[in-house]
Amino acid sequence: MSTIAVLGAGKIGESLLSGLINAGYSPEDLLFTERYQQRADELSERYGVRGADLPDAVRRADVLVVSVKPQDIEALLDETAEIVTPDKLVVTLCAGLPTSMFERRFAAGTPVVRVMPNTPMLVGEAMSAVSGGSHATESHLELVERMLGSVGRVVRVPENQQDAVTALSGSGPAYFFYLVEAMIDAGILLGLPRAVAAELVVQSAVGSAAMLREGEGHPVIMREGVTSPAGTTISGVRELEKHGVRAALIDAVEAAHSRSVELGAKHRQDPGESD
Ligand SMILES: NC(=O)C1=CN([C@@H]2O[C@H](COP(=O)(O)OP(=O)(O)OC[C@H]3O[C@@H](n4cnc5c(N)ncnc54)[C@H](O)[C@@H]3O)[C@@H](O)[C@H]2O)C=CC1
Ligand SMILES: O=C(O)[C@@H]1CCC=N1
């Protein structure tokens, strides 16, 4: 079993630690680094995983999972560039950042795999997409796919699709949560107690997700199944269309894509460098 170090144990780093432990990984095989001591103590207590300083984590782990904000990457690279050796596997979860940026900063030949996961990893339901950098072999990719496969589903994509993945499934849970929030508000407006409204909406979301996953049909067919002639649903659908909700969602995902591209832009050697 490889030892995995999560470098930067914030929201997604914690989701990974928690997901791996739930999937049967031993806390002994996991490490994390965290710049805030209070946060580190909290995580050690919650999961029984050891916190370490960066040099120690890099020395002890086989797999280094980089999960700091893109804005904090330079400081992390400054601290690790000299100590990461090509026998380590670097896995980056950072939105926008190309594998080429890590390859330039680490020792020649260091394998890098770029991953875009999402927070449902916390409950074993992540959607992750993986792409290998230029020194990542098939066995590196398989190792990462096994790791992420234990906390959800995994697809392999060319790296130049990662900004689109980031916009769709990386950020996607936020859009579902937003929708749920808005529907609960609608229940409140109609006079339902908050707890009842929440239960109605959340279970409807879970049930719809299960139908989408298990059903053979297209979402349009499933929506038609709810939409009776002269019934209630079509009155609601007409409002969604009037308010341009479909276009708003497309615009939202497109804006998230642009931001992912922008986050990576300054880390490309020249503006034309592709992922
Ligand atoms: N939150 C999400 O849903 C997703 C986030 N990501 C990516 O994961 C990365 C982290 O995002 P979040 O977890 O949301 O951010 P976050 O801010 O919750 O976590 C980052 C953590 O890294 C720590 N940190 C920063 N610099 C450090 C250093 N030099 N050494 C040790 N610890 C350090 C911070 O204290 C913080 O706890 C980002 O690059 C983001 O693009 C990817 C997929 C989904
Ligand atoms: O909002 C963000 O930048 C990160 C990346 C994908 C989800 N959260």
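Predicted model: local features only at pLDDT ≥ 70, side-chain atom pairs only at ≥ 80, totals over all residues.
**Reading the domains, sheet and ligand shells**

Biologist: What makes up the chain over residues 159-263?

Modeller: Over residues 159-263 the chain is 82% helix and 0% strand, with its end C-alpha atoms 15 Å apart. The feature that UniProt places there, again from an unreviewed entry, is "domain: Pyrroline-5-carboxylate reductase dimerisation".

Biologist: How is the protein divided into domains, and how far apart do the C-alpha centres of domain 1 and domain 2 lie?

Modeller: Domain 1 covers 4-161 and domain 2 covers 172-243, bounds that come from an automatic or database domain assignment; their C-alpha centres lie 35 Å apart.

Biologist: Why are β3 and β8 called edge strands?

Modeller: The open sheet has 8 strands in the order β3-β2-β1-β4-β5-β6-β7-β8, with mixed pairing. β3 (50-51) and β8 (152-156) are its edge strands, as each pairs on one side only.

Biologist: How do you know that β5 and β6 pair?

Modeller: Pairing requires at least two bridges between the strands, and 3 bridges join β5 (residues 89-92) to β6 (residues 112-116), so these two parallel strands count as a pair. Within that pair, valine 91 has valine 113 of β6 as its bridge partner.

Biologist: Which helix lies across β5 and β6?

Modeller: Helix α6 (residues 138-149) lies across β5, β6, β7 (126-132) and β8, and runs at about 175 degrees to β7.

Biologist: What makes up the shell around ligand 1?

Modeller: Ligand 1 is surrounded by 27 residues, of which Gly8, Gly10, Ile12, Cys94 and Ala95 are the closest. The elements giving two or more residues to this shell are α1 (11-22) and α4 (73-80), and α1 gives the most, with 3 residues. By class, the shell has 13 nonpolar, 8 polar and 6 charged residues.

Biologist: Why does the shell around ligand 2 count as having 3 polar residues?

Modeller: Ala95, Thr166, Gly170 and Ser171 surround ligand 2. Ala counts as nonpolar while Gly is placed among the polar residues, so the shell has 1 nonpolar, 3 polar and no charged residues.

Definitions and conventions:
Residues numbered from 1 in each chain as written. Chains lettered and ligands numbered in written order. Helix = DSSP H or I, 4+ residues; strand = E, 2+ residues; numbered from the N terminus. Contact = placed C-beta atoms within 7 Å. Axes fitted to C-alpha atoms, helices over the stretch in contact; angles between N-to-C directions. Near = placed C-beta within 6 Å. UniProt positions renumbered as here; feature names shortened; annotations may be inferred.
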